[in-house]
Amino acid sequence: MKALKIFSIGALALSLVNCAPSAKQLKEAVEKDPSIVFVAIEKDPEAFIEVVNKAAQNAQRKAQEKAVAEEGKKRDEEFANPLQPAIEDGRVIFGPKDAKVTIIEYSDFECPYCSKGHATVDEVMKAYPKDVRVVYKHLPLDFHPMAMPAARYFEAIAMQDHAKAEKFYNLVFENQGDLRTKKEGSLKESAKKAGADMKRLEKDLNSEAITKRIEADMEEARKFGFSGTPGFLINGVSLRGAYPFSEFKDIIDRHLAAKK
């Protein structure tokens, strides 16, 4: 009797394994009667939420791993074949002119992420005072109404003195909130603090040369696939966004090591 009972249990277990519905059958059953799922959720909602959260976390982790792998592959490709931005004569350059590493900064004076990018660039230049130089280029976005005027102010001041343009650049980013509230008044304040000749500035603001430079910067940024701000090229290797100092350091150190 006991043996018969054990046999019956084993047979039942085997039948459950062998006769379980296939994934296709389960899918068809749920499509036919979605209430099956609702009943299961109502029976144990906490378990359902736990499963969903775990699945979401796994999906996010896999997406991040894939993005990191793709970014690493793209970075290696750019180290082998760096992007080639133009650096025209007369361009404002922050840092030593003969630096081994050139950072092109495509930016928008009104963009909050560009303000973070500015702080990181400042950190980079302090960490590499002899090895890094920065060229600020313009990518004013349409939905930032003060971005284009700020770009024109920067270039107009640069026509007077590069050091004053650099000071203006720092002042605008350090007081970005004023740019949104005081509008052009903030630009004038920063220009005065930078030591600009205000009469000459007013005359140069509408210069065709400034228009052409900003348009060229925007076109170059688009050519390299920069659609948002900030964007950076570090000796031709791109960073798209307000990355932390560590990301800049990795690329800079790799460039410097290659030059030794």
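The legends below accompany several close-up views of one predicted protein model.

Residues are numbered from 1 along each chain as its sequence is written, and side-chain values use heavy atoms, with hydrogens and water left out. Because the model is predicted, local features need pLDDT of at least 70 and side-chain atom pairs count only at pLDDT 80 or more, whereas totals for chains, interfaces and linings use all residues.

**View 1. The protein chain as a whole contains 12 helices and five strands.** Helices (H or I, at least four residues) and strands (E, at least two) are DSSP runs, numbered from the N terminus. The chain has 260 residues, of which 36% count as buried; buried means under 20% relative accessible area, exposed over 50% and partly exposed in between, with a 1.4 Å probe and protein chains only. Among contacts in the chain with a separation of 6 or more, 77% involve residues 24 or more positions apart, a contact being heavy atoms within 4.5 Å.

**View 2. Five strands form an open sheet with mixed pairing.** The strand order is β1-β3-β2-β4-β5. The edge strands β1 (93–94) and β5 (237–240) each pair on one side only. Two strands are taken to pair if DSSP finds at least two bridges between them. In general, strands of a sheet pair through backbone hydrogen bonds, either parallel or antiparallel.

**View 3. Strand β2 pairs with β3 in the parallel sense and with β4 in the antiparallel sense.** Seven bridges connect β2 to β3 (residues 132–138), and Val 134 in β3 is the bridge partner of Ile 103. Toward β4 (residues 231–234), strand β2 (residues 101–107) has four bridges. Ile 103 stands opposite Ile 234 in β4, while the bridge partner of Tyr 106 in that strand is Gly 231. β2 is mostly covered, with seven of its seven residues buried. Val 101, Ile 103, Glu 105 and Ser 107 point one way from β2, and Thr 102, Ile 104 and Tyr 106 point the other way.

**View 4. Strands β4 and β5 form a hairpin with two residues between them.** The two strands are antiparallel and share four bridges. Asn 235 lies in the loop between β4 and β5. Although Asn 235 is not a glycine, this residue has a positive phi of about 50°.

**View 5. A cis peptide bond links Thr 229 to Pro 230.** Its omega is near -5°. Pro 230 is placed in the loop between α11 (208–223) and β4, and Thr 229 is likewise in the loop between α11 and β4. Thr 229 counts as buried because its relative accessibility is 12%. Leaving aside residues up to four places away in sequence, Thr 229 touches Tyr 106, Ser 107, Asp 108, Cys 111, Tyr 113, Cys 114, Leu 139 and Leu 141.

**View 6. Helices α5 and α7 pack with a left-handed crossing.** Helix α5 (residues 112–127) and helix α7 (residues 162–174) have axes 9 Å apart, at an angle of about 130°. That angle makes α5 oblique to α7. Angles under 35 degrees count as roughly parallel, over 145 as roughly antiparallel, 65 to 115 as roughly perpendicular and the rest as oblique. The axes are lines fitted to C-alpha atoms, for helices over the stretch in contact, and angles run from 0 to 180 degrees between N-to-C directions. A crossing is left-handed if the near helix is turned anticlockwise from the far one by less than a right angle, and right-handed if clockwise. Cys 114, Ser 115, His 118 and Val 121 of α5 meet Tyr 169, Asn 170, Phe 173 and Glu 174 of α7.

**View 7. Lys 183 occupies the loop between α8 (176–182) and α9 (184–194).** Lys 183 has a positive phi of about 55° although it is not a glycine. With a relative accessible area of 39%, Lys 183 is partly exposed.
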